[in-house]
Amino acid sequence: MPAWPDVRADFPILHQQVNGKPLVYLDSAATAQKPRAVIDALVRYYERDNSNVHRGLHALSMRATDAYEGARARVAKFIHAADPAEVIFTRGTTESINVVAHSWGRAHLKPGDVVLATEMEHHSNLVPWQQAAKASGATLRYVPVLGVNAEGGLDLAALDRLLTPQVKLFAFTHISNTLGTVNPAAELCRRARAVGAVTVIDAAQSIGHAPLDVQAIGCDFLAFSGHKMCGPTGIGVLYGRRALLDKLAPDETGGGMVVSVDYEGATWKPAPERLEAGTPDIAGAIGLGVACDYLDALDRAAIRRHDGDLARLAYDQLSKLPGIRLLGPAGVRGGLVSFAFPDVHAHDVVTFADEDGIALRGGHHCNQPLMRKLGLTSTTRASFYVYNQPGEIDALVASLQRTLKFFRG
Amino acid sequence: MSADLTELYQQVILDHNRRPRNRGRLPTANRVAHGDNPSCGDQCDVYLQLDGDRIKDISFDGSGCAISQASASLMTTQLKGKTAAEAEALYRKFHEIVTTGKAPEEISDLAAFAGVHTFPARIKCATLGWHAALNALKGDAAPATTESHTD
């Protein structure tokens, strides 16, 4: 593997022992660890600038507002949005997708319409569309995933058949949190646009792991969470094209998003304020902006190489374990591997790995329909990020060998 | 391996996991209940042949971790021949074992699950089959779950 700077020193949490062993954190697809710079930014904000935004004329309020809006501009630059007003701060990916499902869905979906998703969606990009379809009378359809181990990715031939003029919206994940599949986002958006469908991308697994340019991709909406890209929990982003956001009726109403209120009614500000009712997560947004700085300093193209190299190394090493079933593509993949054994359950694997100080995830990964399709109830997932090193994959393999020996005798 | 892990995965548990007893659909069943652990996807169906108030025969089927499968297997060996009231009393003792690690003297095989109490996340694995069995006894149509359901 090419040289990669050891950035472990930037992450205070990594320097601890778990069950008497050095912590090997392989669960970044669930949440990434935080660099010192992000933690310091949160402390600095609360110690020095804490104040409410957009309302006050005093020094602290102006500082907080500048930092909050500065974070919005920073995130806009991070995803190459045309305008900072296209960045709406939310609680995370789930809320971002729900905003589109509620606000856009309520205004545009009607009986006879089709919402298209894929079989590899996380529940957060699946259940909101089920609910929106039920509420509107629209039909929800899925682009199939190919291969007994989902190694073939999305069925793009089926996509052409499914993308009829009835499709009003196409929601898909950029990188699958269970399979590691990298979907061709720009190509999918291009095809959807050809039938006039609005596109929604779940970028939770791609945002901090690769360069991302919403204009090059050509999506209408894109959702992600701060905590999966070294930022704080509780902050996320909904990107939307300005023309769509300004027409979006607010899902939540209240303070901060109104122009004028009387006892009979109210009028809304333009985006982004119209979609950010109430006091936002100011510290979270500021921390997210610092996370953008941190990842760009490392260079996201280099991060993509590093994560992908680790995932392929893990895939190759794990494929030597007897009886293992590896999901997703054998070639290019995002920074995670997901696997199952016929005779040892994921939860037992995770418990034994924890004993060795290794943090893995076992379960359905909020992907129950896909699991069912693959004839599985759970898998074990190891996911990689900037602080992981090849030696940690050796530790993972050794731990799995011990576990298999214990259960198989 | 640490003492805690050895305690969790005792021989009797490994044995029931490898060679589950009373596994599969029970053709003579007149009650069935489904158990779900939504956080991990574990599932367990429990089949009962009730003769009045007494469990004449019992089986389970499902998929899950070694703890959940061994627990359901061992449970079937313990519940055969018991009345509904006896089954509930036994569950209360089992629940105490997995939550406190303390087993009453008269309990033998079920004491193998005492090690679960040091792994709180695994208590619901150990009790999944029992929840399904108790629901089957009550004749509940709703699936047993280790967590509350929302639609």
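Analyst: Let's begin where the chains touch: 12 residues of chain A and 14 residues of chain B take part in this contact (C-beta atoms, placed from the backbone, within 7 Å). On the side of chain A that touches chain B, the elements giving two or more residues are α11 (346-355) and α12 of chain A (DSSP runs numbered from the N terminus: helices are H or I with at least four residues, strands E with at least two). α11(A) has the largest share of that side, with 4 residues. By residue type, the side of chain A that touches chain B holds 1 nonpolar, 9 polar and 2 charged residues (nonpolar: Ala, Val, Leu, Ile, Met, Phe, Trp, Tyr, Cys and Pro; charged: Asp, Glu, Lys and Arg; polar: the others, Gly among them).

Please keep in mind that this is a predicted model, in which local features need pLDDT of at least 70 and side-chain atom pairs pLDDT 80 or more, while totals for chains, interfaces and linings use all residues. Residues are numbered from 1 along each chain as its sequence is written, and chains are lettered from A and ligands numbered from 1 in the order in which they are written.

His365(A) sits in the loop between β18 (361-363) and α12 of chain A. His365(A) has a positive phi, near 55°, although the residue is not a glycine.

Chain A is split into domain 1 (8-27 + 299-408) and domain 2 (39-296), with bounds from an automatic or database domain assignment. The C-alpha centres of domain 1 of chain A and domain 2 of chain A are 28 Å apart. Domain 1 of chain A brings 26 residues to their contact, and domain 2 of chain A brings 25 residues. On the domain 1 side, at least two residues each come from α10 (300-318), β15 (325-326), β16 (336-340) and α12 (368-373) of chain A. α10(A) gives the most to this side, 6 residues. Here the side of domain 1 of chain A that touches domain 2 of chain A has 14 nonpolar, 6 polar and 6 charged residues.

Elsewhere in chain A there is an open sheet of 7 strands, and their order is β4-β12-β11-β10-β9-β5-β6 with mixed pairing (strands pair if DSSP finds at least two bridges between them). At its edges are β4 (87-90) and β6 (139-143) of chain A, each pairing on one side only. Within chain A, β9 (residues 167-173) and β10 (residues 198-202) run parallel and are joined by 5 bridges. One place to look is Thr173(A), whose bridge partner in β10(A) is Asp202(A).

A further backbone detail of chain A is the cis peptide bond from Ala271(A) to Pro272(A), with omega near 5°. Pro272(A) belongs to the loop between β14 (266-268) and α9 (282-298) of chain A.

Finally, turn to chain B. Strands β1 (residues 31-37) and β2 (residues 42-51) of chain B run antiparallel, with 7 bridges joining them. Across this pair, His34(B) has Asp45(B) in β2(B) as its bridge partner. β1(B) and β2(B) make a hairpin with 4 residues between them, and Gly41(B) in the turn has a positive phi of about 85°.

Terms used. Two residues are in contact if their C-beta atoms, placed from the backbone, lie within 7 Å.
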